[in-house]
Amino acid sequence: MALLELRNVSKIYHLGGEEIRALDGVSLDIDGGEFISIIGPSGSGKSTLMHILGCLDSPSKGEVRLDGMDISKASTAQLARVRNRTIGFVFQFFNLLPKLNVTQNVELPMIYAGIGGRERRERAHKALELVELSHRTKSRPNQLSGGQQQRVAIARALVNDPKIILADEPTGNLDTHTGELILALFRHLAAQGRTVILVTHNPEIAAVTPRRIEIRNGKVAERVDERLAGLDRPNAVAVH
Amino acid sequence: MNLLNTILIGLKEIWAHKFRSILTMFGIVLGVASLVGMSAIVKGMENGMRESMIAMGGADRVVLEQQPVPSIQDHLADQAPGRTMRDVLALRRSAPMVRAVSPQMSIEEPTVTHGQKTADVWECAGVWNDVLEMNLHQLEYGRFFNDIDEENASPVCVIGVGVRDQLFGSPEELGYEVVPIGEEITINGQSFTIVGMFTRYMSEQEAKERQIAKASAGQAKDSSAQTGPKRRKGWGGRGGWAFTRKNMSLYIPLNTAWVRFRAAGDANGIPDPRLSNIEIKVRDLTKLEASLQQARNVLLITHNGIEDFNFRTQENQIESINKQIKNARLSGGIIAGISLLVGGIGIMNIMLASINERIREIGTCKALGATGIAIFTQIVVESVVLSVLGALAGLVASAGLVDILAFISPTGNSPVITWEARAVAMVFSAGVGIVAGLFPAIKAARLSPIQALRYE
């Protein structure tokens, strides 16, 4: 059984009486430990797919199973719990809380998980060591560079030991070099057996992952963009 | 979700917008200060009223009044005996629910002199020793009357300190205290020996002022002393009245009053036996009605069934005092409540602005696994932290406010800040904080994570 199973998932919005199918009958399986990218131009429905994969939203139709649990029928509180324990989010704009320092930002998911103070500090420290930021624990986000901020965000995503890391354009706001380092970090995490899902519109970034899913007009494309084919060099860093 | 963390994050949020938070808190500061200040003033009034109440003999004092016979007994009016010693003795013997009976035979408009000086005595009466308990008198110098004085109708008297001030001079004028025990004074031309003097009765406020005056007397004996009559202080002047009345009293033994001042109105060689006043105290104030009924039954026998008497309790007065206190409390409470409410609206406003600024943050928190309840708690806690900080500042401000009020308003009853008032103000403003936070918190908790994350 796959870690994530989507069966005929649709998301339908109603805008002024008009029906918009952001996702239209998407079915796909993602196994545990996969390093995968979801690619598509803006408006293709990849964001909607990411929201559903990340349990931020429920589908209008179809079935989503995460670890055997039916997400489409879960309550908001259950979804919050799944987001907290099973999924780690990394955002394009880092989304660190500006009034909290690095450690406090990393501790935040553990606070929502109800983990005690000492264990929180220990785990936050470990996660920050992993992203090589254990020397900046007291800094505020605005005192860090973009790459550092994204590493803090990754540490925050990792700290509850989630099965899935869901990254939405994680390099979109970084220069190429820093982006590479971040991608290397994701690859490292994937190598450790974590499921990493990168959502991007950039084929060069998608090229990093062994498996790619292309979304077009709310559907999984039959054929992957030929531009991606040439870049498909497993275990290689994206070419600039 | 632990509360300490929530509070900490709330404090950070407030600290991040210091100026805005302080402005918001100001509403609560004013509300709490006015609530505590108001209650302090009311408490001061209450203290003043209670003092004068006690000065007048306390709540359990009942006056046995003379009254015209009821119309149904009109034909018996000429047989009405009036209040006599028979009543007093009967009450003492047969009304166990009555604790003390104090007969009084007043000398109306007495002329009390010593040498060239005349005293303006408010109450001059022949009494039994029960009067001490009845009017809560305290003897400071000398003694009260004994059985021999009573039996022999001795020409002795006990005076209030005000009478001494007028006849012998007050310590303030002389610089030393005269103890006129053994001095002779005249009452309506008859010579009396002073055997005792009461202590000075005064309100707490006056006691304080006297102490201050005493302390500063040594340093400043200049001519800046006040000229003209002193401004009367005290709640409605009433407290002052009660204390003056007590200080200006002069007592002689009951028998002395009867033999020496009532002989003119005699019949068959017996002086007029009617008393001018009988006052009783009941044993248990909670059983006032029953006690008075018992006394009434006894008196109906001594009065041959003629109801030419009535009881006047202090109950009515206590009731009116309580009503006034209640009114003052209510109006003060409403004003303070309104200002707290305004403060609460300010907090709600700022919380709404705050969550609008933080929609993306809230979205992030939700993506990280914050439940609606966690977000809700966070916002409510922030709002409560704001209001409680404001309340604490308000408590500090209230102390200053009360000082200013005490300074500018010449109420004789200085405002008293009570811990109850502080506690009520704290709890109330925390409540205002909760209520003010509810709506923004619900709004924040209900945000959809996607829309919140996408919000620009």
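Trainee: In this predicted model, which residues touch the most other members of the largest nonpolar core?

Mentor: That core holds 119 residues.

Trainee: How many residues are in the second, separate core?

Mentor: Its members include Leu91(B), Cys157(B), Ile159(B) and Ile252(B). Two of these names return in the strand pairs of S10(B): Ile252(B) is the bridge partner of Gly126(B), and Ile159(B) stands opposite Leu250(B). The second core has 48 residues.

Trainee: Is strand S10 of chain B largely enclosed or left open?

Mentor: Take residues 249–253 one by one. Five of the five are buried. A buried residue has 20 or more other C-beta atoms within 10 Å of its own. So the rest of the structure leaves S10(B) largely enclosed.

Trainee: In which sense, parallel or antiparallel, does strand S7 of chain B pair with S10(B)?

Mentor: Keep S10(B)'s two partners apart. Strand S5 (residues 123–127) of chain B joins S10(B) through five bridges and runs parallel. Strand S7 (residues 156–159) has two bridges to S10(B), and their sense is antiparallel.

Trainee: Over in chain A, which strands stand at the edges of the open sheet?

Mentor: The order is S2-S1-S4-S5, with antiparallel pairing. S1(A) is joined to S2(A) by nine bridges. Each edge strand has a single partner, so one side of each lacks a neighbour in the sheet. The edge strands are S2(A) and S5(A).

Trainee: Which element gives the largest share of the side of chain A that touches chain B?

Mentor: On this side, 19 residues of chain A are in contact with 18 residues of chain B. The chain A residues divide into 10 nonpolar, five polar and four charged. Helices H2 and H3 of chain A each give two or more. The largest share, six residues, comes from H2(A).

Trainee: Where in chain B does pLDDT stay under 50?

Mentor: Chain B has a mean pLDDT of 83, and 92% of its residues reach 70 or more. The stretch in question has 23 contacts beyond four places in sequence. It is residues 220–239.

Terms used:
Residues are numbered from 1 along each chain as its sequence is written. Chains are lettered from A and ligands numbered from 1 in the order in which they are written. This is a predicted model: local features need pLDDT of at least 70, side-chain atom pairs count only at pLDDT 80 or more; totals for chains, interfaces and linings use all residues. Two residues are in contact if their C-beta atoms, placed from the backbone, lie within 7 Å. Helices (H or I, at least four residues) and strands (E, at least two) are DSSP runs, numbered from the N terminus. Ala, Val, Leu, Ile, Met, Phe, Trp, Tyr, Cys and Pro count as nonpolar, Asp, Glu, Lys and Arg as charged, and the others, Gly among them, as polar. Two strands pair if DSSP finds at least two bridges between them. pLDDT is the predictor's confidence in each residue, from 0 to 100. A nonpolar core is a set of buried Ala, Val, Leu, Ile, Met, Phe, Trp, Tyr and Cys residues joined through C-beta atoms within 7 Å. A residue is buried if 20 or more other C-beta atoms lie within 10 Å of its own, exposed if 12 or fewer, and partly exposed in between; C-beta atoms are placed from the backbone.
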